[in-house]
Amino acid sequence: MEEAQSLPPSPPYDLVILGASGFTGKYVVKEALKFLKVPSSPLKSIALAGRNPTKLAHALNWASLPNTSPPIPILKADITDPSSIRHLCTQTKLILNCVGPFRLYGEPVVAACAQTGCDYLDICGEPEFMERMEMKFHENAMETGSLVVSACGFDSVPAELGWMFHSRQWVSPAVPNQIEAYLSLESEKRIVGNFGTYESAILGVSNVGKLQELRRSRPKRAKPVIPGPFPPKGPIIEHQKEIGLWAVKLPSADSIVVRRTLATLTENPLGLPGVNESAEWISKREAFWSMMKPAHFGVKLASKTLLGVIRFITVGVFMGLLGRNAIGRWLLFKFPSFFSLGWFRKKGPSEEEVRSATFKMWFVGRGFSDGNQVSQANMKPDMEIVTRLMGPEIGYLTTPIILLQCALILLSERENLPKGGVLPPGIVFGPTDLQERLQHNGISFDVIAKRALPA
């Protein structure tokens, strides 16, 4: 009895959704309600938090339709008031942060979680923010037992799980040398993106110098040993005939997040131990990571037509030229539809546009049928494997699905996950059943082709 009395009281909420009234936040609420108080779900109590209780109540009503909204507490929290965020962290096991752009609004939440030991997931796709949070709060989060995981949405879980699924198809002695992901967005209507994504991309351009400075200030991470020579650079615009797409390199967070996972895995070849993991889980974790084969990884934005790729490049040029100064950024923010050629607008997509959109993410890997025979100098890949992920619209449907499944795993399997630290999603959720959960929720993983390459 004395031991039981000495345990700290459990916080009243399993998770709190911060920023629930935003474009993506209300879809996260809608997804969370599917699992609230369901017998098989660990999610028994949630709350919504933000600056404006009225907007949060409207978001809850919208997310609950066609039913009446359940009695979910609405908590007032302001990221400009650190004490209110710290208090929020003491009320819950886990915070799902939907307040972006994260480089502007995310740090106070990560700081409070790292200080209090509260776990944290977000839907960030901003490399500078993620790497800065790792530098500033990783040690603190490890000490307090706060697991801080960014990029738990479309950025960058499909890329992380996609390369892992792809890697497992290279059965020994075969080994990959390069895996390239081709992202294709499709819709029966028009494709309209999340304005927050557009805003984050512009701020990313304006802060590219800070990201480079941050990386120069940090010690170099371990690099994985990849069989074979470094892949050739290739053309700016690629016609990938195997999958029927034109493509251009996408400077996204995905490749950076995957590289962080590969670096962590190089330093910890059997993954990171759980805080109190079972013997069964240790065997599962070690078996999972022993199957992973590192490869050079990159992401390209793809279209069925050459004109589509030219549109991508045009929007990229607008952002690159105008995003570097204040006047240019003002123009980009003021006229998003014009400068994005109709892909982004402030009010976001309609519900019909969301329902009609889908994505395909193809992973084309090239490597060697016998890794034991690879010569680092001149041997060319002799084998190709193609895999694919498919799912619903990326920003408002796939992202909430992924975020909630990560949250449910964290709540139900916390003792098998790392004690704490600022980590990429792949190293945390790779050995779990996240892939199977996503498959049960409309995101498919398929092997498309395996073939020998001509000599």
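Let's start inside the fold: glutamate 128 is buried, with a relative accessible area of 7% (buried means under 20% relative accessible area, exposed over 50%, and partly exposed in between, using a 1.4 Å probe and protein chains only). Arginine 132 also counts as buried, at 15% relative accessibility. These two residues form a salt bridge, with their closest N and O atoms 2.9 Å apart (a salt bridge is a side-chain nitrogen of Lys or Arg within 4 Å of a carboxyl oxygen of Asp or Glu). Glutamate 128 and arginine 132 are four residues apart in helix 7, so about one helical turn separates them. Helices (H or I, at least four residues) and strands (E, at least two) are DSSP runs, numbered from the N terminus.

Side chains of opposite charge can pair when their charged atoms come close.

## About the model

Please keep in mind that this is a predicted model, in which local features need pLDDT of at least 70 and side-chain atom pairs count only at pLDDT 80 or more, while totals for chains, interfaces and linings use all residues. Residues are numbered from 1 along each chain as its sequence is written, and side-chain values use heavy atoms, with hydrogens and water left out.

The contact draws 18 residues from domain 1 and 23 residues from domain 2, where contact means heavy atoms within 4.5 Å.

Which residues of domain 1 lose the most area to domain 2? They are Phe23, Arg103 and Glu131, together 32% of what that side buries.

## Charges across the interface

Four salt bridges are counted between domain 1 and domain 2. Elsewhere in the list of charged pairs, glutamate 134 forms a salt bridge with arginine 218, the closest N and O atoms being 3.1 Å apart. On the domain 1 side that touches domain 2, helix 2 (23–33), helix 5 (102–105) and helix 7 (127–144) each supply at least two residues. Helix 7 gives the most, with seven residues.

In one of them, the side chains of arginine 221 and glutamate 267 meet at 3.0 Å, N to O. This pair links distant parts of the chain, 46 residues apart: arginine 221 is in the loop between helix 10 (208–217) and strand 8 (237–240), and glutamate 267 is in helix 11 (residues 253–267). Arginine 221 is partly exposed at 31% relative accessibility, and glutamate 267 is partly exposed at 40%.

Arginine 451 forms a salt bridge with glutamate 384, with the closest N and O atoms 3.0 Å apart. Arginine 451 lies in strand 14 (residues 444–452) and glutamate 384 in strand 12 (residues 383–392), so the pair ties together parts that are 67 residues apart in sequence.

How values were computed:
Buried area is the accessible area (1.4 Å probe) that two parts lose on being put together, summed over both.
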